[in-house]
Amino acid sequence: HFFAFCVPLLSKKNTVFYRSGELCDPMDKCIDSDEVHDEIRALAAVERRRVGAARCVTEEKDLLGALRQYGPAPGAQKMMDLEMEAALVAIQTKQYVVFRNTATGADCTRVGPSHQCFCGHPLSSHNTKSRRVPCTQCRCGMFEFMFSRPEEIGEYWLPRRKDFDLSTWSAKCRCKHGHKEHRPEGSKPCQACRCVAFSSAFCCLSCDQHWEAHETVFESEQDRAAAGRPVGDAFKPLAQSDPEFSEIVFGKKNAEGVYVKAHPSSDSSHLRPNRPKPIAKAGRAMIAQPKPQPGRKDLSTILPAKPLSSGCTGIPPDSRLPRASGSSSEEASAVSRLEALSLGAQAPVCRSCQQSLTRPVKFCPFCGAKQQSDK
């Protein structure tokens, strides 16, 4: 459809014919098909960029609206905090460390002192003054960045599991063993199986390429500036996005020079579903009523549903229920409550929803509000 739309625009009379591998107009003036195809490809590239830019604007607006309402996810917040730390250290020391895709040359991650190496130790435990940056705590001869959180490789669902432990998690090799079970030197063979080299079974979240397609690069500020790469404040994460993104994720510097994070706005509270508040577990246990058993009277039907006005008990004093010999403790307590009502005492009322209660409870069975005990 795109070919049929663009080809008539390239002809002077808006009419072209295809014959024997060439494009011809009605006056038999042949046009090279390769030239026309190149123009079509150029137009298609322009259209793709335009559609992609419009889509990015829409996605950015949607993402900003979600951040305003809910804030960043906990795992994503920790990832961004580590990258901001790496950017601030790089700006201060003039030494930039990045995890770069060797094929495209794009910087996927800013590496800082808290980021881990393949050997399991952070960059702060490596000798950065040496050219190869060896580790000071193990036999690792060179710092090689390795992902330390499942969100960095797209496995965002793992931290939501109850039995997930981040300290024992490690990125998996194709041999199904983590990188912590591989030796950090050489080809990184596995110590738990016959795997002779580490081959990642995951991809980078930024470029969707395997770990082997990257390298850890140490470069100075002059080298980056000469290569046309961002330095200084432009090296910070979210520097090229809307400033509101940075204020929500990292915070805004106040007059004292301290970054204060912005909380999710309450303007969009109407977008959240109006769900009733759940009753606490302790409240459910407190208000659980025993099931009626055969042979026993259900005294709950005798108690009034609403508190009676003063001066009217609703039950004559002479018609009190006698206590049956051998009755259970539940029946005795119900009869005592009935006697109290017959003497003029009013039933307790919820302080939140003003619903009458059959007995003092810790949580209201209607709205779940906590009841304060009168002492």
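Student: What makes K188 count as lying over the face of F118?

Tutor: K188 is at 5.3 Å from the ring centre of F118. A charge sits over a ring if NZ of Lys or CZ of Arg is within 6 Å of the ring centre and within 35 degrees of the ring normal. R110 has its charged end over the ring of F235, 5.4 Å from the centre. By the way, this is a predicted model, where local features need pLDDT of at least 70, side-chain atom pairs count only at pLDDT 80 or more, and totals for chains, interfaces and linings use all residues. Residues are numbered from 1 along each chain as its sequence is written, and side-chain values use heavy atoms, with hydrogens and water left out.

Student: How many aromatic pairs does the structure hold?

Tutor: Ten. Rings of Phe, Tyr and Trp (its six-membered ring) pair if their centres lie within 6.5 Å; planes under 30 degrees apart are stacked, over 60 edge-to-face, the rest tilted.

Student: Why is the pair of F198 and W211 edge-to-face?

Tutor: Because the planes of F198 and W211 are at 90 degrees, with the ring centres 5.6 Å apart. F198 and W211 are buried too.

How values were computed. Buried < 20%, exposed > 50% of the residue type's maximum accessible area, 1.4 Å probe, protein only.
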